[in-house]
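Hi everyone, thanks for coming. Let's walk through one model together, helix by helix.

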Amino acid sequence: MSQHHETVAPLVEWTQSLSVGIQEIDDQHRVLVDLLNQINEAIHVDHGSDVTNAILKDLVDYTKIHFAVEESLMRVLGYPGYEEHKDRHQELIHEVETLQDKLLTGQKGLSFELLPFLKMWLMRHIMSEDMSYAPFFLEKGVIASSPHLSPGRRLWQFMTSSGRHR
Ligand SMILES: [Fe+2]
């Protein structure tokens, strides 16, 4: 199968600043980052709405699985911010499902405009929400993946990485 392939710069580059310091969660976040990059590539090389909507569906499905994993960890470990974090998850699911509906019903077209929305959507989840439970999880003995950086330091690294360096 020969397929025309252009190199598209990733929308989100995985860097250490995105690590919450917990292996399993980081691995799942990498999958979300990868799906965002696939949507980015599909839009850039104009793969069409079928392909892009299929990847978006994978993103929604995987996000639900990922949130369920996080929520069960929070429950098991007795995280005090559980209810609040769960509400944030519902909001994020709602936002991306609303977008998905608009695309499927033709109220909105697939375009480059979606990309900053999706990037912010993911960043809000990882940077502002998950960074807040990570220290608690680690304190409870969840396996760490990397030397711990303060959330402020991670945010700074993320904000200052342009996504160009590898
Ligand atoms: Fe997460």
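Just after α1, D46 takes a positive phi of about 55°. Helices here are DSSP runs of H or I, at least four residues, and strands are runs of E, at least two, numbered from the N terminus. Residues are numbered from 1 along each chain as its sequence is written. Please keep in mind that this is a predicted model: local features need pLDDT of at least 70, side-chain atom pairs count only at pLDDT 80 or more, and totals for chains, interfaces and linings use all residues.

Back to α1 itself, residues 23–44. With 22 residues at 1.5 Å a residue, the helix should span 32 Å, and its end C-alpha atoms are 31 Å apart, which agrees; the expected span is 1.5 Å times one less than the number of residues.

Several α1 residues are buried, including L35, L36 and I39. Buried means 20 or more other C-beta atoms within 10 Å of the residue's own, exposed 12 or fewer, partly exposed in between, with C-beta atoms placed from the backbone. The cover over them includes α2 (49–77) and α4 (114–139).

So what does I39 touch, leaving aside its neighbours within four places in sequence? I39 is in contact with T52, I55, L56, L59 and L118, contact being C-beta atoms, placed from the backbone, within 7 Å.

Finally, the largest nonpolar core has 21 residues, and V20, L36, I39, I55 and A134 have the most contacts inside it. Such a core joins buried Ala, Val, Leu, Ile, Met, Phe, Trp, Tyr and Cys residues through C-beta atoms within 7 Å. α4 gives the most to this core, with seven residues.

Conventions:
Contact = placed C-beta atoms within 7 Å.
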